[in-house]
Amino acid sequence: MNNQIENGDLAVFVEVVRRGSFSGAAHSLGMSAAFVSKRIGILEAQLGVRLFARSTQRVVITEEGEQVYARAQLILAQLDDMLDDVAERRQEPAGRLRICSSFGFGRNVVAPVVARLAASHPKLQIRLEVFDRLVDTVAEGFDLDVRIGDDLPPQLVARKLMDNHRILCAAPGYIARHGMPKSLKVLASHQCLAIKERDHPFGTWRLRGKGGEETVRVSGPLSTNHGEIALRWAVEGAGIVLRSLWDARAYLESGALVQVLPDYTQPASVWAVYPQRLSGSGRVRVCVDFLRRHLGQPDARLGADGALR
C-alpha cells in the first residue's frame, strides 16, 4: 500500500459518501464526474480495498469504505484544527468553512453577510449551501447552520444571532373581500397559505398573544414548501400568510401587505448552530461573531408588540 495518500482525495471520498453519488460530489466540488471517479480509483488502489460497490444507478459504500470514511473525517477534521491553531496564533482565520441555511433567509440575508466575511478574511474558504429541509450538521459535514426557530437540538452548540418573529399578514384586496380576522380561531375559516419549510409544522400555526401561546389549524387551496412563493401569493391576494418580519417588512412598508392580528406573533430567533467539537474553532468563532455583528442590529421601527412603526 502506498502511504502517500492525498488529503484532497480523502475530501473527494468523503463528499461522494455524503452525496451518495459521483455526480453529486462532482457538482458539489466543482469537478467533473470523471475526475471524481479517477481520484476514487487512485485512493482505492493506494488503500488496496474497494470503497464503493458501483452500479448504473448509484454507489453504495462497502464495509471497508465505512471504516475509511470514519477515519477520513477524523483526519480532515484534525487538519482543519491544525490550520485553525496556526491561524489563531496569527489572529487570521484560515481553512474550510461549510455553512448551511434555509432557502429564503440563506439567499437573501445570510449570503450577503458571508460575502463580506470572505472579503474580510481572505484565507477562509467558505461554502454556503441552502436547503428546504432541516440539516444534520454532524452527519452532513457542515461547520455551521444558520437557522430560524427556537426549537434547537440539545446535542449541538447554539448562539443567538438576532431576535426575530413571524407575523400574520395579507394583501389589502384579500381583506376587502374576506374581512379582517378578529380572533385567532377565525383563521380556520380563512384561506391561509400553509408552508412546509424545514422543521415548520405544516398547517398548524402556534402563536403567542397576550394570553400566552395558542394553536390554530389552518387550510386553504394553496400550499407550498417555499416561503417566498407563499409570500408572493399573499401579495397577490390569495390568502393570509405567516412569515418572518425580515421577509415581509418591505411589503408592509409599501402597503402591498397589511398586518393581521398584530397582537399575535411567533418567536423565531436566528441562531448559529454547530457541532460540539467545533466549540473551540477559531474559524467558527470568527464567523459567528461576524454574523452577530451584521445580523443583530436592532431595528428602531419595531415596537415591543411586534408591529411595524
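Q: What makes F22, A25, A26 and S28 of helix 2 count as buried in this predicted model?
A: Buried means under 20% relative accessible area. F22, A25, A26 and S28 are the buried residues of helix 2, so each falls under that cut-off.

Q: Why do we say that the buried residues of helix 2 line one face?
A: Look down the axis of helix 2. The buried residues fall within an arc of 165°, so they line one face of the helix. An α-helix has 3.6 residues a turn, so residues three or four places apart point the same way.

Q: What covers the buried residues of helix 2?
A: The cover includes helix 1, helix 3 (33-47), strand 1 (52-54), strand 2 (59-61) and strand 4.

Q: What is the phi of G30, which follows helix 2?
A: The phi of G30 is positive, near 75°.

Q: Which residues touch the most other members of the largest nonpolar core?
A: That core has 27 residues, and F105, L144, V146, L161 and L291 touch the most other members. Helix 5 (103-120) and helix 9 (282-295) are among the elements that each supply at least two residues.

Q: How much space lies in the largest pocket?
A: About 650 Å³. Of its 32 lining residues, R18, D80, R96, R98 and G141 are the closest to its centre.

Q: Which element gives the largest share of that lining?
A: Helix 4 does, with eight residues. The lining as a whole divides into 15 nonpolar, seven polar and 10 charged residues.

Technical notes: Residues are numbered from 1 along each chain as its sequence is written. This is a predicted model: local features need pLDDT of at least 70, side-chain atom pairs count only at pLDDT 80 or more; totals for chains, interfaces and linings use all residues. Side-chain values use heavy atoms; hydrogens and water are left out. A nonpolar core is a set of buried Ala, Val, Leu, Ile, Met, Phe, Trp, Tyr and Cys residues joined through side-chain atoms within 4.5 Å. Buried means under 20% relative accessible area, exposed over 50%, partly exposed in between (1.4 Å probe, protein chains only). Helices (H or I, at least four residues) and strands (E, at least two) are DSSP runs, numbered from the N terminus. On a 1 Å grid over the protein atoms alone, a cavity is a set of points where a 1.4 Å probe fits but cannot get out, and a pocket is an open set with protein on both sides within 12 Å along at least five of seven lines; lining residues have an atom within 4 Å of a point. Grid points are joined across faces, edges and corners, and a volume is the space filled by probe spheres set on the points. Ala, Val, Leu, Ile, Met, Phe, Trp, Tyr, Cys and Pro count as nonpolar, Asp, Glu, Lys and Arg as charged, and the others, Gly among them, as polar. The arc is that of the directions from the helix axis to the C-beta atoms. Contact means heavy atoms within 4.5 Å.
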